[in-house]
Amino acid sequence: MAEPTAGAEAAPGMPQLDFSTFPNQIFWLIVTLVVIYVVLTKIALPRIGGALEDRHDAIANDLEQAATLKRRAEEAEEAYNAALAQARADAQKIAADTKAEIQTEVDAATAKADAEIAAKAAESEARINEIRASAMEAVEQVANETAAAVVEAILPGAVDDDALKSAVTAALKG
């Protein structure tokens, strides 16, 4: 027994490289690899595969949800654009109706003002004609009185009222 101990002490290098222990090392290597293989295939890889499958499903669901939300957003945008176009059309219609109504009111007010102006102009024209006529009567009266006074001053007692009035009227008419 002293020999193997003495020989082991005298052998240089690592004990793993000792050819006498190779069959034992190969056996335990195979057993270890089989155990690692069994642990990986039965426990670790199914868990990893399940996690990958869950992740794949979650990503697919997220993509599907994103597509659905995108479709809804596009529909909402189309509805918004349609509502906006309708609102603009309604606003333009309201503006046109209001403009037409205001124009009708302006036309009616203009016609009323024109009628009032025409009535006032006719009234003013009538008053001017009255004033002109009364002025002409006053002028004629003053002219008759002045002519009678002049004729009386020049020819006392020879005043003919009818002849004097017709002469003044003829002179005033031109």
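Student: So, is Phe-27 buried, exposed or partly exposed?

Tutor: Keep in mind that this is a predicted model. Phe-27 is partly exposed, because its relative accessible area is 47% and exposed needs over 50%.

Student: How many aromatic pairs does the structure hold?

Tutor: Two. One of them is Phe-19 with Phe-22, an edge-to-face pair with 5.1 Å centre to centre and 75 degrees between the planes. Phe-27 and Trp-28 also form a pair, with ring centres 5.1 Å apart.

Student: And why is the pair of Phe-27 and Trp-28 edge-to-face?

Tutor: The planes of Phe-27 and Trp-28 sit at 75 degrees, and over 60 counts as edge-to-face.

Student: Back to Phe-19, is that one buried or exposed?

Tutor: Phe-19 counts as exposed, at 66% relative accessibility. Phe-22 is partly exposed, at 29%.

Student: OK, helices now. What's the angle where H2 and H3 cross?

Tutor: Roughly 125 degrees, with the axes of H2 (residues 22-154) and H3 coming within 10 Å. That makes H2 oblique to H3, and the crossing is right-handed.

Student: Which residues make the contact?

Tutor: On H2, they include Val-139, Ala-143, Ala-147 and Val-151. On H3, Leu-164, Val-168 and Leu-172 are among them.

Student: How many residues does H3 have, and what comes just after?

Tutor: H3 covers residues 161-173, so 13 residues, and reaches 18 Å from its first C-alpha to its last, close to the 18 Å expected at 1.5 Å a residue. Just after H3, Gly-174 has a positive phi of about 100 degrees.

Definitions and conventions: Residues are numbered from 1 along each chain as its sequence is written. This is a predicted model: local features need pLDDT of at least 70, side-chain atom pairs count only at pLDDT 80 or more; totals for chains, interfaces and linings use all residues. Side-chain values use heavy atoms; hydrogens and water are left out. Rings of Phe, Tyr and Trp (its six-membered ring) pair if their centres lie within 6.5 Å; planes under 30 degrees apart count as stacked, over 60 as edge-to-face and the rest as tilted. Buried means under 20% relative accessible area, exposed over 50%, partly exposed in between (1.4 Å probe, protein chains only). Helices (H or I, at least four residues) and strands (E, at least two) are DSSP runs, numbered from the N terminus. Axes are lines fitted to C-alpha atoms, for helices over the stretch in contact, and angles run from 0 to 180 degrees between N-to-C directions. Angles under 35 degrees count as roughly parallel, over 145 as roughly antiparallel, 65 to 115 as roughly perpendicular and the rest as oblique. A crossing is left-handed if the near helix is turned anticlockwise from the far one by less than a right angle, and right-handed if clockwise. Contact means heavy atoms within 4.5 Å.
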